[in-house]
Amino acid sequence: MRVPADANFSMNYHTPVLLEEVLRQLQPHTGGLYVDGTLGGGGHTEAILRVSAPDGRVIGLDRDDEAIASSHARLSEFCVRAQLVTANFSELRNMLAKLQVAGVDGVLFDLGVSSRQLDEPTRGFSFLRDGPLDMRMSQSASLTAREVLATETQEELARIFFVYGEERRSRAIAKRIVEQRKHEPLETTTQLVRLIERVLGPKRGPVHPATRTFQALRIHVNRELDNLREGLAAATEALNPGGRLVVISFHSLEDRIVKWFFRETQSLRVLTKKPLMAGEEECAANPRSRSAKLRAAEKISEVCSQS
Ligand SMILES: C[S@@+](CC[C@H](N)C(=O)[O-])C[C@H]1O[C@@H](n2cnc3c(N)ncnc32)[C@H](O)[C@@H]1O
């Protein structure tokens, strides 16, 4: 499926990844109703609305008020065809019940954070920008990365870094954090980066030494893996027969959850045996797309019990 020619998707906010593949797998059509569970800058949603013109609709969710506000402005021309709500996609079941929606024709989850969230120092997501250790996707959530680093035990910090960051030196980093916080609280991303560099050494290869610890903290603060499990279950339940679920993940922990969920859910037919990835051209134009993996599945009408 082609990206509509009248659309300008290279936005400052966030350039949507794997856009043509998303449309090919989701197959938006006239009159269809879709959920974009990770609205971000609204790039994928805009494409879905254009392809499903004149009356296809999208319910767009994001935990981040700022993403909702920015997408409102971008999608204003679509009026009632775009319904945007600040919400966690793990609450999809309740959201759809409140909106009196019985079933939808497709659901998209484009996981992780947007370029805007990463680039904004005050959000604290990036080890390349100096800012407060915040890392909350939702402005109304109470737990911040600063609080996690200030209050969790050494063992729990090591567990978080190991499980969510696959950081082999998790124990050494946790030990250094607990030593340091006795003298001085960790408040900023730069303080944390310097501490990690003191434990792991400075950047040598292509991957910054703080990458895994920052990923782990972000996943923990936002309960990302639990949300994903709950979101996948709710999305599957919400799909009409023939409806499609498309998920783009950016690291192996997410991709593993999606892969096994698709395999083990009897009401889904897997459409992508192997995950789809960006081609060279897209990777060169948008480096963020390099780690993107897209998986898609279709809701099947009847589950035949084999007895
Ligand atoms: C990669 S961006 C999506 C970009 C979007 N597809 C676009 O075209 O601009 C991910 C977005 O999902 C949001 N998000 C992540 N997890 C979420 C969740 N559990 N519920 C709702 N929004 C979530 C983030 O706040 C972020 O804005």
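Reader: Of the 307 residues of the chain, what percentage count as buried?

Author: The model is a predicted one. A residue is taken as buried if 20 or more other C-beta atoms lie within 10 Å of its own. By that count the buried part of the 307 residues is 44%.

Reader: What radius of gyration does the chain have, next to what the globule rule gives?

Author: The chain is built from 13 helices and seven strands. For 307 residues the globule rule gives 19 Å, and the chain comes close to that, so it is as compact as a globular protein of that length; its radius of gyration is 20 Å. The C-alpha trace spans, along its principal axes, about 60 × 55 × 40 Å.

Reader: Which domains does the domain assignment give, and how far apart do their C-alpha centres lie?

Author: Domain 1 takes in 19-116 + 224-299, and domain 2 is 121-222. Eight residues from domain 1 and eight residues from domain 2 make up the contact. On the side of domain 1 that touches domain 2 there are three nonpolar, one polar and four charged residues. The C-alpha centres of domain 1 and domain 2 are separated by 29 Å.

Reader: Which residues touch the most other members of the largest nonpolar core?

Author: One of them is Leu-18, which, leaving aside neighbours within four places in sequence, is in contact with Ile-248, Leu-276, Ala-278, Ser-289, Ala-292 and Leu-294. A second, separate core has 26 residues, Phe-125, Val-148, Ala-158 and Ile-219 among them. In the largest core, of 50 residues, those touching the most other members are Leu-18, Leu-92, Val-107, Ala-235, Ala-238, Leu-245 and Val-246.

Reader: Why is α2 largely enclosed by the rest of the structure, and what covers its buried residues?

Author: Eight of the nine residues of α2 are buried, so the helix is largely enclosed. The buried ones are Gly-43, His-44, Thr-45, Glu-46, Ala-47, Ile-48, Leu-49 and Val-51. Their cover includes α1 (19-26), β1 (33-36), β2, α3 (65-74), β3 (82-86) and β4 (104-110).

Reader: Which residues come nearest to the ligand?

Author: α2 (43-51) and β2 (57-62) each supply at least two residues of the shell around the ligand. By class, the shell holds six nonpolar, 13 polar and four charged residues. Of the 23 residues around the ligand, the nearest are Pro-16, Thr-38, Gly-40, Gly-41 and Gly-43.

Reader: What share of the contacts with a separation of 6 or more comes from residues 24 or more positions apart?

Author: Two residues are in contact if their C-beta atoms lie within 7 Å. Among the contacts in the chain with a separation of 6 or more, residues 24 or more positions apart account for 69%.

Notes
Residues are numbered from 1 along each chain as its sequence is written. This is a predicted model: local features need pLDDT of at least 70, side-chain atom pairs count only at pLDDT 80 or more; totals for chains, interfaces and linings use all residues. A residue is near a molecule or strand if its C-beta atom, placed from the backbone, lies within 6 Å of it. Helices (H or I, at least four residues) and strands (E, at least two) are DSSP runs, numbered from the N terminus. Ala, Val, Leu, Ile, Met, Phe, Trp, Tyr, Cys and Pro count as nonpolar, Asp, Glu, Lys and Arg as charged, and the others, Gly among them, as polar. The radius of gyration is taken over C-alpha atoms; the globule rule is 2.2 Å times the number of residues to the power 0.38. A residue is buried if 20 or more other C-beta atoms lie within 10 Å of its own, exposed if 12 or fewer, and partly exposed in between; C-beta atoms are placed from the backbone. A nonpolar core is a set of buried Ala, Val, Leu, Ile, Met, Phe, Trp, Tyr and Cys residues joined through C-beta atoms within 7 Å. Domain bounds come from an automatic or database domain assignment.
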